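Me: I have a protein model open and want to go through it. Can you take my questions one at a time?

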Amino acid sequence: MNSSVLPPSASASPISAPLASVSEQYLTQGLTGDEVAELLALGKANTVAQVTSRSLGQIIKDNVFTRFNALLGALFVLVILTGSYIDGLFGIALVLNSVLGIGQEWYAKHKLDSLAVLHAPTATVTRDGEQQVIDVAQIVEGDLVCLKPGDQIPADGPVLVADNLEIDESNLTGESDAVDKQVGQSAYSGTVVVAGTGRFRAAVVGQASTAQRLAHEAKVFTRAYSEVQASTNRLLKWITWVVVVMFPVALIAQYRGLSDRSWDGVKAEWRTIVLRSSGGLVALVPEGLVLLTTLAFLLAALQLTRQQALIQELPAVEGLARVDIICLDKTGTLTQGEIVFDRVDVLPGADEAAAMAALGVFAHDPAPNATAQAIAARVPESVAQATARVPFSSARKFSAVELDDGQAWVMGAPEVVAGSDADLLGVVEPLAAAGVRVIVLAKVDDMEQWGQITPVALVRLTEAIRSDAAETLAYFASQDVMVKVISGDNPVTVAAVARRVGLNVTDPQSAVDVRPSDMSGVDQSHPMPGRDIPGAVVDARTLPDTVEELAELVEGITVFGRVTPEKKRLIVNALKSRGHTVAMTGDGVNDVLALKDADIGIAMGNGAQATKAVAQIVLLDSSFAHMPKVLAEGRRLIGNVERVASLFVTKNVMATCLLACTAILGVAFPFLPRHMTLLSMLTIGIPAAILALGPNKRKYVPGFLTRVLSLSIPAGVAAGVATFVAFIIGQGAQTERSTLGLVVLFVVFFWLLGVLARPLNWWKITLIVTLVVLAVGAFLLPLPQTFFQLNLPSAEWPLALLIGGCGAVVVEIAHRVRRARSFVKPVRVHDEQMVRR
């Protein structure tokens with residue numbers, strides 16, 4: 001028990017000697033407005049670099065200075081040197097890709113940054129003798145900052161006032177136990193207040209603070225993993241090596257295709273060598289894949305902001321689609337989050353007046369939690385005064401006070417406060433089974449020695465179920481996402497709420513109603529719960545304290561009660577160790593550890609600042625009903641990017657196959673760069689941009705890269721071989737044979753586009769038909785014929801369509817084989833209705 005205020009003194013520096021230049025006036029008045037203005041003018045504010053998205057310089061750099069832009073830029077220069085400016089059209093596409101990428105990402109950055117500012121964290125400071133709530137960026141060096149449970153400390157500095165102040169420094173030290181802060185000790189930015197109250201002076205602010213320095217020097221916080229981005233990066237790395245290998249192959253193939261291979265012949269035909277080699281290499285570069293992937297992430301994040309979901313890390317949009325287990329807190333997720341005081345049952349023989357006086361002291365705590373606030377709404381403040389306090393914490397599950405009459409009281413969970421009183425627990429259990437939250441108020445004989453505890457009253461609290469909770473959970477069930485309810489409340493109470501929202505859980509009385517025999521230990525005589533009990537309900541205090549042991553139990557448990565913050569973290573890691581992708585929702589400081597370790601952390605907008613700081617997704621209006629839309633958006637993103645990637649990679653495989661065939665047989669590459677530009681624009685670029693943004697309700701199936709390659713490789717080989725065969729057996733000059741091969745390519749790629757666009761609907765059919773009409777016009781109309789150097793005699797069209805049809809058959813077979821190997825459940829009507837909401 002400690003409650004102290006720093007006395008005035010003078011000496012040394014702010015951190016090492018916190019007594020320096022502190023006066024009684026400062027402790028009550030803080031800084032003046034003039035002092036704050038002067039410090040702001042000197043730049044001594046708590047401003048830090050925005051990390052919600054990349055800077056404009058990073059956006060430009062990442063969209064312009066890429067390995068593929070360098071390759072295509074070099075090819076563009078070579079093509080321009082030949083004087084064939086039309087074949088340099090891919091250079092215009094290159095510029096447009098970069099400009100559009102920069103513009104779209106800058107627009108998205110502006111929107112997301114604006115939202116981040118709108119929902120920026122705040123802090124309470126004392127200025128001119130009044131407490132003011134300000135943005136943490138407005139804190140200046142020397143500000144007197146007030147602390148309460150749930151606050152994330154915004155700067156470094158000495159603690160000047162401490163009233164049972166406990167701070168979680170695990171993100172700095174790795175130690176999970178909260179630190180009991182005394183006056184004179186330092187508080188560090190980025191840490192979290194878990195209990196008690198206090199005040200500290202902001203001595204080190206901005207980039208010099210501990211959290212900012214660590215974030216700069218080392219990656220303290222992990223980023224959400226993206227299978228799409230990781231797979232795309234792997235593809236790009238492979239393609240880079242293919243380009244390096246195929247560059248000399250293309251040059252050799254063009255050289256071998258010359259009729260005169262002497263030096264004079266090479267000098268005379270160098271333009272042809274450059275143009276034909278460039279045509280093959282341009283086809284190898286997936287110039288739009290990264291752009292469309294990035295834009296898909298950004299636009300998905302913007303779409304979700306309209307659903308009141310702020311995406312703090314872009315990969316989290318996709319990450320949630322991979323989630324197969326979501327861990328929920330009861331309060332604020334299944335229930336409305338507002339605890340309502342019901343009644344007080346004073347136990348027989350207890351002093352009702354003394355009990356109500358003590359309850360009034362607990363209810364009107366200087367830093368009340370939600371339970372205290374609910375009681376305070378109906379119980380008046382007591383005339384009795386607390387001389388000492390033990391604040392409530394999620395780890396302890398109780399709070400305690402010592403009054404001015406010398407009597408000590410404790411209030412908390414029945415299993416903790418009265419764990420050995422079987423009769424009392426027998427009264428509590430039926431109430432808990434009905435969904436009533438029960439708190440025990442008890443006398444303590446000796447606070448220091450923690451003597452005999454005598455229960456005197458039961459406090460009943462209720463929570464209203466969210467009207468949309470049952471439907472939201474039903475949607476997750478339809479999407480094969482398992483739900484785990486993890487709560488600090490009585491497991492029987494939590495199970496009652498879980499049943500009311502439709503979760504299939506066992507009767508805790510007949511399944512695993514585990515109680516500790518005392519406050520310090522676990523009833524080891526009871527068999528470990530959860531092995532062969534689907535939907536089990538357990539008291540988490542009976543579970544093992546290691547990830548390895550816990551992993552064997554957690555999959556069969558649906559409801560975890562009496563969970564401490566550290567045990568929440570263990571449960572999340574145990575599920576991850578079993579190969580699950582885990583999302584965790586939370587709103588309180590007790591959820592921070594689990595949110596940080598989960599694959600996807602989801603915080604409520606009305607939650608503690610520390611919770612929102614570590615989450616990848618923040619539900620701004622604190623409504624869990626938005627989660628189906630977030631999940632659907634992630635799955636739409638993965639499905640559409642997979643379509644886009646398949647188009648691009650098929651073209652790369654086709655070009656590789658065609659270059660290899662021409663090199664082996666010593667013939668010239670069939671196509672000019674302008675031919676590849678036309679093909680890419682009509683069968684890849686335009687449809688990919690539209691398909692990447694269209695709806696897609698397919699469920700997530702692991703193996704993104706495997707599925708892309710399982711279709712792209714056979715489709716690309718089929719396209720390459722069919723085109724080469726058409727080019728070899730075709731009649732006429734180079735232009736006629738090249739045109740014949742290009743028609744074959746269009747037939748194969750349009751069929752591939754139709755396969756990837758399935759299931760077809762009116763807008764997809766309209767898109768494909770429009771593109772086919774444009775392609776046919778390019779081959780038949782005089783102007784595009786001349787522009788793209790196309791000429792195919794009418795007698796050759798049947799041959800082109802026949803060979804192209806053979807390639808299309810291979811594409812269809814590859815698609816059906818892939819579909820059989822990775823069967824995806826059809827979308828149900830219920831799923832679509834929930835997503836629309």
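**Confidence and packing**

Me: What is the mean pLDDT of the protein?
Reply: The mean pLDDT (the predictor's confidence in each residue, from 0 to 100) is 78, and 82% of the residues reach 70 or more. This is a predicted model, where local features need pLDDT of at least 70, side-chain atom pairs count only at pLDDT 80 or more, and totals for chains, interfaces and linings use all residues. Residues are numbered from 1 along each chain as its sequence is written, and side-chain values use heavy atoms, without hydrogens and water.

Me: Where does pLDDT stay under 50?
Reply: Residues 823-837 are one such stretch, and the model has 29 contacts (heavy atoms within 4.5 Å) for them beyond four places in sequence.

Me: Which elements have the lowest and highest mean pLDDT?
Reply: Strand β1 (residues 3-5) is lowest at 37, and helix α28 (residues 762-780) is highest at 94. Helices (H or I, at least four residues) and strands (E, at least two) are DSSP runs, numbered from the N terminus.

Me: How many helices and strands are there?
Reply: The protein has 31 helices and 22 strands.

Me: New topic. At what angle do α25 and α27 cross?
Reply: The axes of α25 (residues 673-691) and α27 (residues 734-756) cross at roughly 10 degrees and come within 10 Å. Axes are lines fitted to C-alpha atoms, for helices over the stretch in contact, with angles from 0 to 180 degrees between N-to-C directions. The two helices are therefore roughly parallel (angles under 35 degrees) to each other.

Me: Which residues make the contact?
Reply: Among them are L678, L682 and P687 of α25, and L742, F746 and F749 of α27.

Terms used. Parallel < 35°, antiparallel > 145°, perpendicular 65-115°, else oblique.
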